[in-house]
Amino acid sequence: MFLAYGQWGTHITGLVRGMAQDCQDYHRILDDKLPNYDPASHACKPLGFMSTDWQGDKLAGFGSFSNLPIGSGDCLQHFEALREGMGETRGVWFAGEHTSPPGGLGTVTGAYWSGEQVAKKVARR
């Protein structure tokens with residue numbers, strides 16, 4: 001797994017946007033970016049590819065992530081409210097780096113952790 005962000009992410013997602021993820025050009029574009037990739041090595045053959053395009057998705061804030069500017073004070077209560085969602089009775093929860101446990105805010109890992117937590121809540125329902 002690798003994460004592309006910033007100008008490089010914009011460039012890569014622009015190259016693959018709209019391509020089928022099983023087409024040769026898609027694979028070639030991404031293969032070229034992997035460190036130590038050797039197309040002749042069986043160990044380097046990916047089992048699959050998946051790319052997201054948060055930078056081109058207005059519902060994902062065009063690639064935005066949460067950030068607490070210096071001087072913004074204690075925002076813990078806001079993050080806890082997001083983690084709680086609308087509760088068991090309404091069955092609406094939010095997942096993403098902005099709802100991750102402490103230590104994961106603003107990170108891909110935090111998004112993954114929060115997704116796991118919400119999936120457990122949904123499964124219990």
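Modeller: Asp-53 sits in the loop between helix H2 (24-31) and H3. This is a predicted model, in which local features need pLDDT of at least 70 and side-chain atom pairs count only at pLDDT 80 or more, while totals for chains, interfaces and linings use all residues. Residues are numbered from 1 along each chain as its sequence is written, and side-chain values use heavy atoms, with hydrogens and water left out.

Biologist: Why is Asp-53 called partly exposed?

Modeller: Its relative accessible area is 22%. Buried means under 20%, exposed means over 50%, and partly exposed is in between (1.4 Å probe, protein chains only). The value of 22% therefore makes Asp-53 partly exposed.

Biologist: Which residues is Asp-53 in contact with, leaving aside its neighbours within four places in sequence?

Modeller: They are Thr-13 and Arg-17; contact means heavy atoms within 4.5 Å. The C-alpha atoms of Asp-53 and Thr-10 are 8.8 Å apart, although 43 residues separate the two along the chain.

Biologist: Which residues of helix H1 are buried, and why are they said to line one face of the helix?

Modeller: The buried residues of H1 (residues 6-16) are Gly-9, Ile-12, Thr-13 and Val-16. Viewed down the axis of H1, they fall within an arc of 95°, so they line one face. That arc is taken from the directions from the helix axis to the C-beta atoms. Gly-18, with a positive phi near 85°, follows H1.

Biologist: How many helices and strands does the protein chain have?

Modeller: There are four helices and zero strands. Helices (H or I, at least four residues) and strands (E, at least two) are DSSP runs, numbered from the N terminus.

Biologist: Why is Ser-100 called buried?

Modeller: Ser-100, in the loop between H3 and H4, has a relative accessible area of 0% and so counts as buried. Not counting residues up to four places away in sequence, Ser-100 touches Arg-83, Leu-105, Gly-110, Ala-111 and Ser-114.

Biologist: What makes Leu-82, Met-86, Val-92 and Phe-94 a nonpolar patch?

Modeller: Like charges are joined within 9 Å, and nonpolar side chains (Val, Leu, Ile, Met, Phe, Trp, Tyr) within 5 Å. Phe-94 has 36%, so its area passes the patch cut-off. The four residues together have about 280 Å² of accessible area, from the Shrake-Rupley method with a 1.4 Å probe, where for residues only the protein chains shown count as cover.

Definitions and conventions: Patch = residues over 30% accessible without salt bridge, like charges linked within 9 Å, V, L, I, M, F, W, Y side chains within 5 Å. Salt bridge = Lys/Arg side-chain N within 4 Å of Asp/Glu carboxyl O.
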